[in-house]
Amino acid sequence: LIRDWAVNQTEWYVDAVTMNDNKSMLMKKCYYELDKCDYSLVLYVPCEFQRKYKTSINSDKDSAFIELKCGNPVGDSGYYRYHFNYDDINNIVLSAKMVSFAISTGSDDLRVEKFRLDGAADAINYMTTVWNSLKQDN
């Protein structure tokens, strides 16, 4: 555990993840075999697989409108994984103190998810070191 972030390792990937008070997650995951990393949100907000959703992202460093792409549901938990364009989020996660996302819930309502980023840069740097050393072994 590195402040608000945890680093996890499996035989397929290593990730750095934080969870907010709503039990939503923001994570960076790096896959050994694919030799790539991505960012995702895990939210209790249903979405249609592969559909793209516009959202606003705000932090103390920057704000922008970005696109989230709906991924697979997380088991039968009611949570869904949303993927980002890597470049839309990486600099914010590494440099900001907090980030928030305004996400459409399918009607006229917006859901705002906030995440503390304290420890994100240290956790991601550690995770990247682990990934770089282990991907050579896989």
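Analyst: Happy to. One term before we start: a disulfide is a pair of cysteine sulfur atoms within 2.5 Å. Keep in mind too that this is a predicted model.

User: Good to know. How many disulfides does that rule give?

Analyst: The count comes to 2 disulfides. One joins Cys-47 to Cys-70, with the sulfurs 1.9 Å apart. The angle about that S-S bond is 65 degrees, and the link of Cys-47 and Cys-70 is right-handed.

User: Where in the chain do Cys-47 and Cys-70 sit?

Analyst: They link distant parts of the chain, 23 residues apart. Cys-47 is in the loop between strand 4 (36-43) and strand 5 (52-59), while Cys-70 belongs to strand 6 (residues 63-73).

User: Are those two buried or exposed, and why?

Analyst: The cut-off for buried is under 20% relative accessible area. Cys-47 has 13% relative accessibility, so it counts as buried. Cys-70 has 1%, so Cys-70 counts as buried too.

User: And which cysteines make the other disulfide?

Analyst: That one joins Cys-30 to Cys-37, S to S 2.0 Å. The torsion about its S-S bond is about 105 degrees, so this disulfide is right-handed. Cys-30 is buried with a relative accessible area of 0%, and Cys-37 is buried with 19%. If you number the bonded cysteines in sequence order, the pairing reads 1-2, 3-4.

User: Let's zoom out. How many helices and strands are there?

Analyst: The protein has 2 helices and 9 strands. Along the sequence the pattern is β-β-β-β-β-β-β-α-β-β-α.

User: How does its radius of gyration fit with a compact globule?

Analyst: A compact globule of 138 residues would have a radius of gyration near 14 Å, and the protein has 15 Å, which agrees. Taken along the principal axes, the C-alpha atoms fill a box of roughly 50 × 30 × 25 Å.

User: How much of the protein counts as buried?

Analyst: Of the 138 residues, 41% count as buried. On contacts, looking at those between residues at least 6 apart in sequence, 50% join residues at least 24 apart.

User: Which residues are buried in helix 1?

Analyst: Helix 1 covers residues 86-95, and its buried residues are Ile-89, Asn-90, Ile-92 and Val-93. As background, an α-helix has 3.6 residues a turn, so residues three or four places apart point the same way.

User: What covers the buried residues of helix 1?

Analyst: The cover includes strand 3, strand 4, strand 5, strand 8 (98-104) and helix 2 (120-135). At the N-terminal end, helix 1 is capped by Asn-85, where a side-chain oxygen lies 3.0 Å from the backbone nitrogen of Asp-87.

User: Strand 3 came up there. What about Lys-28, is it buried or exposed?

Analyst: Lys-28 lies in strand 3 (residues 25-31). Lys-28 is buried yet has no salt bridge, and the nearest side chain of opposite charge is Asp-38, 9.3 Å away.

User: Then which side chain does Lys-28 make a polar contact with?

Analyst: The partner is the side chain of Tyr-86, at 2.8 Å. Lys-28 also touches a number of other residues, including Val-14, Asn-90, Ile-124 and Met-127.

User: Switching to salt bridges, how many are counted?

Analyst: The count comes to 3 salt bridges. In one, Arg-116 pairs with Asp-4, with the closest N and O atoms 3.4 Å apart. This pair links distant parts of the chain, 112 residues apart: Arg-116 is in strand 9 (residues 110-116), and Asp-4 is in the segment before strand 1 (6-9). Arg-116 is partly exposed at 41% relative accessible area, and Asp-4 is partly exposed at 26%.

User: And the others?

Analyst: Lys-54 forms a salt bridge with Glu-67, the closest N and O atoms being 3.8 Å apart. Lys-54 is in strand 5 and Glu-67 in strand 6, 13 residues apart. Lys-54 is exposed, with a relative accessible area of 61%, whereas Glu-67 is partly exposed at 33%. Then there is Arg-111 with Glu-113, whose side chains meet at 2.5 Å, N to O.

User: Why does Glu-113 count as buried?

Analyst: Its relative accessibility is 0%, so Glu-113 counts as buried.

Methods:
Residues numbered from 1 in each chain as written. Predicted model: local features only at pLDDT ≥ 70, side-chain atom pairs only at ≥ 80, totals over all residues. Heavy atoms only, no water. Helix = DSSP H or I, 4+ residues; strand = E, 2+ residues; numbered from the N terminus. Buried < 20%, exposed > 50% of the residue type's maximum accessible area, 1.4 Å probe, protein only. Lys, Arg positive; Asp, Glu negative; His and termini not counted. Salt bridge = Lys/Arg side-chain N within 4 Å of Asp/Glu carboxyl O. Polar contact = N/O pair within 3.5 Å; in protein donor to acceptor, adjacent residues only side chain to side chain. Contact = heavy atoms within 4.5 Å. Rg over C-alpha atoms; globule rule 2.2 N^0.38 Å.
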